[in-house]
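Take a walk through this structure with me. We will stop at a few places and look at what sits beside what.

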Amino acid sequence: MDKYVLEACTDCVESAIAAQEGGADRIELCSNLVIGGVTPGSALFKLVKKYTDIDIRVLLRPRYGDYCYNSYEFEQLKEEVQMYREYGAKGVVIGMLNPDGTLDTGRMAELIKAADGIDVALHRAFDVCVDPMEAMEQAASLGMKTILTGGQCGTAWEGRDLLASLEKKSRGRIEILAAGGIGAGPIEKLVPFTGITSYHMSGKIEVDSALKYRKEGASMGLPERDEYIIWKTSREKIREAREILEKQAAAL
């Protein structure tokens, strides 16, 4: 893969605009990035399409938690694949596991069929599967475009050895999209170590809420977090990462 790709994970219109202005090639659109991201609403997708012209892949994850979905959740995923394809998404980002930690290839194949030609990426369900090399081969055989992974670790740098192995064995068949703690600094180290040319980052910064009144003792769902701090994508962080990728590409 000759092109260096920078994907930004965003969960609001403002962050999507910042990602485009910073030089991202595409975005993965989700909601609630604070819990790792779940499926965004259709109104958010339409507004991002309205205010940007960047390629959009939509994360499809019906809930927080594991990736072992029941029949109702699978039905929801299938309808969302069809819906976002019709809305004009560049692709969808999916993943399902069996109880034994293997990829649920049967139902994933149904989702890929429903995608009907748009890009399909495997999200970080890959990072909790039992056998990453087998899962990589299965994803490639299914015709998936991308695997999003931190090398089965919290950060891509921690998972660099597996990332390097995945890149070596997958080259030309499926994109390995490195994720987890990605920014300009990690990219500068990961490119020569792993050979990976595609990177996924949120570029998030913490922004203070516009709400000046603060109600003590009341929480709306995540009491361990300061609910008056909002995550937003920084165009500067995206731009810094873009510049590192361009520097790496120029060095070839």
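Lys204 holds its charged end over the ring of Trp231, 4.7 Å from the ring centre. Such a placement requires NZ of Lys or CZ of Arg within 6 Å of the ring centre and within 35 degrees of the ring normal. Arg160 does likewise with Trp157: its charged end sits over that ring, 4.1 Å from the centre.

A word on the source. This is a predicted model, in which local features need pLDDT of at least 70 and side-chain atom pairs count only at pLDDT 80 or more, while totals for chains, interfaces and linings use all residues. Residues are numbered from 1 along each chain as its sequence is written, and side-chain values use heavy atoms, leaving out hydrogens and water.

The structure holds four aromatic pairs. Rings of Phe, Tyr and Trp (its six-membered ring) pair if their centres lie within 6.5 Å; planes under 30 degrees apart are stacked, over 60 edge-to-face, and the rest tilted. Phe45 and Tyr84 make an edge-to-face pair, 5.2 Å centre to centre with 65° between the planes. Phe45 lies in helix α2 (residues 42-51) and Tyr84 in helix α3 (residues 71-87), so their pair ties together parts 39 residues apart in sequence. Helices here are DSSP runs of H or I with at least four residues, strands are runs of E with at least two, and both are numbered from the N terminus.

Phe45 also meets Tyr87. Their ring centres are 6.1 Å apart and their planes at 25°, so this pair is stacked. Is Phe45 buried or exposed? Phe45 is buried, because its relative accessible area is 1%, and buried means under 20%, exposed over 50% and partly exposed in between (1.4 Å probe, protein chains only). Tyr84 is buried too. Tyr87, at 30%, counts as partly exposed.

Next, look at strand β6 (residues 146-149). In a regular strand, side chains alternate between the two faces of the sheet. Both faces of β6 are covered. Thr146 and Leu148 are buried on one side, Ile147 and Thr149 on the other. Strand β5 (residues 119-122) runs parallel to β6, and two bridges join them. Strands pair if DSSP finds at least two bridges between them. Leu122 stands opposite Ile147 in β6.
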